[in-house]
Amino acid sequence: MHAMHDHTAPATTAPATGTAADADDHVYLSLAEATPGPEGEGRWAYGTGFADPLLGVDTALPPGLDGADLAAYCLMLGDDALILAQRLTEWCTRAPELEEEVALANLGLDLLGQARLLLTRAGQADGSGRTEDDLAYWREEHEFRNVRLVETPNGDFAHSIARLLLFATARGALYEALSAHPDPVLAAVAARGVKELAYHREYATAWTLRLGDGTPYSSARMQAGLDAVWPLLDELFTAHPAELRAGVDPATLREPVLRSLAAVLAEAGLTVPDVPPLATVLGLGGRDGVHTEALGPLLAELQVVARAHPGATW
Amino acid sequence: MTTRDLAWETAAAVPDPELPMLTLADLGVLADVETADGTVTAWLTPTYSGCPAVAEMAADVDRRLRAAGYRDVRVRLRLDPPWSTDLITAEGRRKLAEAGIAPPRHTSAVTGPVSLVLGPTRAATTGTASPAFAPVPCPHCGDTDTEELSRFGSTACKALWRCRACREPFERVKEI
């Protein structure tokens, strides 16, 4: 176990009289050490012992549901949300307008919140007791169970909007079906997620209409984005055995989701791409831990701080 | 007043970390408080999935109850039924408006299928059939000639608006 990073020790690389780094340290120290006042000012939630996203929630498994299957299923949905949250966050400082940057970060925050609950539930259900952090930061690429749609690079803004439209439409439909799931935690995540995903879908739909029905140039860029992500859509409807045992058969979502997407594209003057699904490797895809080359670098960035300072607190 | 009512009042007075003019009771986050055998248990319903204020709220409720003399305090989350802006009380809505933040409409007025037309950024200023486009009065001057700038704002729960009459920008708690 590494020693905890000590904020009070002078960093060896800092100049002897350097004060910039010291001053930064002191800002955070004062937050961490602030005595809580009667109105709660100067508080710092980290380290209060209340960070568990399922604090005090009954964690018993419903009868008839296999813990390993439920864990595998929660991991799939949690990884989808975690990885897309990471991609959306990459738009920070890069979006065309500040408002869009704030919007995309907000959507990522919703997904990150869903991921926290789902990963926590996965660690409970499989009996391993792994926390959300154990699962997010300490698994290797082949242990991630997200669909490949969420891991591919952002591309341009239209490309990211196309991906978001596909994901939000399909995930909203899935959450709606999962709101009646026998596991109370999964059902609760889904019930709240339905309302959040409705905002995501509305945002993606509005931009698809604006770009598709805008200038010939914006329309061509939007169509190119759709053409690029469409081969990844099929994986969302292809059932993994664990999904059939623990959740909803995603094949049942194919028809209503495709119908809904086609209606948006028709209204935007865009064409439903006629492209075959992205090939799998001997029938294995993201749900089996077989990913595109894009996931490794994404995970490296996501996990680097946790791995550089294992067990660090602040 | 019973022990339970006293414990409720203590927990209910905790301010929301991001909307400090509102208490957790105003916001509808405090779901229940139970006292039994010297222990007090408070249930909170978290707002958005990604709202980072939940840990802060739980810590504050715990601290207030201990400060009020309760030794054995338990704070728990209740996920079902999910939180909705409909749970914000009338008092909470009044305090929001007073602080310059437009309160949310009731969600029964705004749920439904995703619109396939680009909606207006300005809500109707005169009578309209659809309650989804009911006027959003400016919390500063009260004029209904207001428009949405962005559906997403400084926190997960708010959108950015502006008043075309007094020219002031304002935030609005959006329905969920």
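**Helix packing and contacts**

Tutor: Helix 3 of chain A and helix 6 of chain A cross in a left-handed way (the near helix is turned anticlockwise from the far one by less than a right angle). Helices here are DSSP runs of H or I with at least four residues, strands are E runs of at least two, and both are numbered from the N terminus. This is a predicted model, where local features need pLDDT of at least 70 and side-chain atom pairs count only at pLDDT 80 or more, while totals for chains, interfaces and linings use all residues. Residues are numbered from 1 along each chain as written, with chains lettered from A and ligands numbered from 1 in the order written.

Student: At what angle do helix 3 and helix 6 of chain A pack?

Tutor: About 165 degrees, with their axes 11 Å apart (axes are lines fitted to C-alpha atoms over the stretch in contact, and angles run from 0 to 180 degrees between N-to-C directions). That makes helix 3 of chain A roughly antiparallel to helix 6 of chain A, the word for angles over 145 degrees.

Student: Which residues make the contact?

Tutor: Among them are Leu107(A) and Asp110(A) from helix 3 of chain A, and Val189(A) and His200(A) from helix 6 of chain A. Contact means C-beta atoms, placed from the backbone, within 7 Å.

Technical notes:
Parallel < 35°, antiparallel > 145°, perpendicular 65-115°, else oblique. Contact = placed C-beta atoms within 7 Å.
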